[in-house]
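Student: Please show me the model, and then let us go through some of its features.

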Amino acid sequence: MNKTFSNLVLFGTLFVFSACSRNPVTGKRELSLMSTEQEIAIGKESHPSVVATMGLYDDKKLTDFINLKGKEMAKISHRPDLPYQFYIVDSPVVNAFAVPGGYVYFTRGIMAHFNNEAEFAGVLGHEIGHITARHSARQQATQMLGTIGMIGGAILVPQLGQNLEALQQGLGLFLMKYSRDHESESDKIGVEYSSKIGYDANQMANFFSTIKRISDNSGQQVPDFMSTHPDPADRNRKVKEMATAYQAQNKATYQVERERYLRMIDGILYGEDPKQGFVENDMFYHPELRFQFPVPKGWQHQNSPAQFQMGPKDGKSAMILMLAKGNSLEEASQTLVKELGLKVLESNRTTINGNPAYVLISQQQPQQQQGQPQQQQDPKTALQIGTWLIQYNNAVYALHGLSAAGNFESAYRSFRPVAENFRALTDQEKINRKPERVQIRTVSREGSFREVMGTLGMPANRVEELGVLNSLRPDDKVARGTLVKIIGR
């Protein structure tokens, strides 16, 4: 969470006149609700929201690399005239996504998990494929819905606060979920595009094994990348078949470039960046902003530059910490009520560990469309919010607890101890915590991956995690002179 960003943006809805156009990838005529100009406009509108929510990862050599390869691939794509832009966002989640108009994003988490340039190129081709095949426009035509995507926490946007489903959505990062057919089509395009710029697309297939292991390993965050799509193991097989067929028809020398890629990511941040906040022993600490508060046992959580989100696995409630709009408790309270269309049920001033605070219990009102009668909502399913506005270190923080009204009394018993234990962080060990980084080492003698990690000082309880990072199994043989990834501070 970063103090700089205080609001969330719901990507704009764009409806245009329907028209038939020829898809640049398939060559087929199809219904289109979005022009090229509007795709580009969506990308431009969405980009500041992505940056505000996730932040950009500051690494010039990696940024130069993805721009070089991205521009090279864009030239041979089906839509070379789009104004493509490529970014690495500051998130540990293993993810890549694209926004209409040519905006492509890779997380530092996925960059850390690639083991060669060819894996990266395959995923790059997959994401560019979503853009060139106009999947957003085609999805829109199918659903007759123009919402392109939203960034996590949009549960607090009035239009989205009408049902419990939004509570579960409030704990994640959201971009458009493509259909299985679109994903399969992008896999095929990824094979074609990565091959055309000289990479071995079989490596793209191998990366699905990494995705599969991340998904299967308990306690690790399931990646959004391909999370709702065909089984990664099945896609591994199909992509290998496509890569083999392409190479049989297009004889050439296809590159992998393992060593060059590993040298390039040496030192990349791994996992959460402590300076933006971290959870340890059921406590959230923010070293830069110097505060802490408890995380209820068993709750899932996700941190970003804009906010910290957490909630129980059943998805029936959630808590979100974010910077409030306003220089005082009064101003923050008035702005919150007005912008979210809240009906205040209770309010009172208090003090939380020496910090002035304001507590609001409110409900979100149904949105009335112009010319439409007032919507009625079931009192039990209405979204109820307990908000603690806390003035601390020249800022006002909003800690929201959200639940359906019917469950709110029970949920409030979990919300209140969190808010009332918001306090200053003074522990210097937490304040000065250094991030973990991927470090590249050369294997000095042959052995199993497990033995090699032990020789390099890695603890036994992280061998599987390191195996995922290196795309190796514990008993796999590793030759002397091989480059491997370890984790260190």
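Student: What is the angle at which helix H2 and helix H10 pack, and how does it classify them?
Tutor: This is a predicted model, in which local features need pLDDT of at least 70, side-chain atom pairs count only at pLDDT 80 or more, and totals for chains, interfaces and linings use all residues. Residues are numbered from 1 along each chain as its sequence is written, and side-chain values use heavy atoms, with hydrogens and water left out. The axes of H2 (residues 60-75) and H10 (residues 258-265) are 9 Å apart, and the angle is about 140°. Angles under 35 degrees count as roughly parallel, over 145 as roughly antiparallel, 65 to 115 as roughly perpendicular and the rest as oblique, so H2 and H10 are oblique to each other.

Student: Which residues of H2 and H10 make the contact, and how many of them are nonpolar?
Tutor: Contact means heavy atoms within 4.5 Å. Lys-61, Leu-62 and Phe-65 take part from H2, and Tyr-261, Met-264 and Ile-265 from H10. Ala, Val, Leu, Ile, Met, Phe, Trp, Tyr, Cys and Pro count as nonpolar, Asp, Glu, Lys and Arg as charged, and the others, Gly among them, as polar. By class there are one charged, no polar and five nonpolar residues.

Student: Is Asp-90 buried or exposed?
Tutor: Asp-90 sits in the loop between strand E3 (85-89) and strand E4 (96-99). Buried means under 20% relative accessible area, exposed over 50%, partly exposed in between (1.4 Å probe, protein chains only). The relative accessibility of Asp-90 is 11%, so Asp-90 counts as buried.

Student: With which side chain does the side chain of Asp-90 make a polar contact?
Tutor: Not counting residues up to four places away in sequence, Asp-90 touches Met-54, Gly-55, Leu-56, Tyr-57, Arg-108, Asp-273 and Gln-276. A polar contact is a pair of N or O atoms within 3.5 Å; within protein, one must be able to donate a hydrogen and the other to accept it, and residues adjacent in sequence count only if both atoms are side-chain atoms. At 2.5 Å, the partner is the side chain of Arg-108.

Student: What is the phi of Asn-281?
Tutor: Most residues other than glycine have a negative phi. Asn-281 lies in the loop between strand E9 (278-279) and strand E10 (283-286), and at 72% relative accessibility Asn-281 counts as exposed. Its phi is positive, near 50°.

Methods: Axes are lines fitted to C-alpha atoms, for helices over the stretch in contact, and angles run from 0 to 180 degrees between N-to-C directions. Helices (H or I, at least four residues) and strands (E, at least two) are DSSP runs, numbered from the N terminus.
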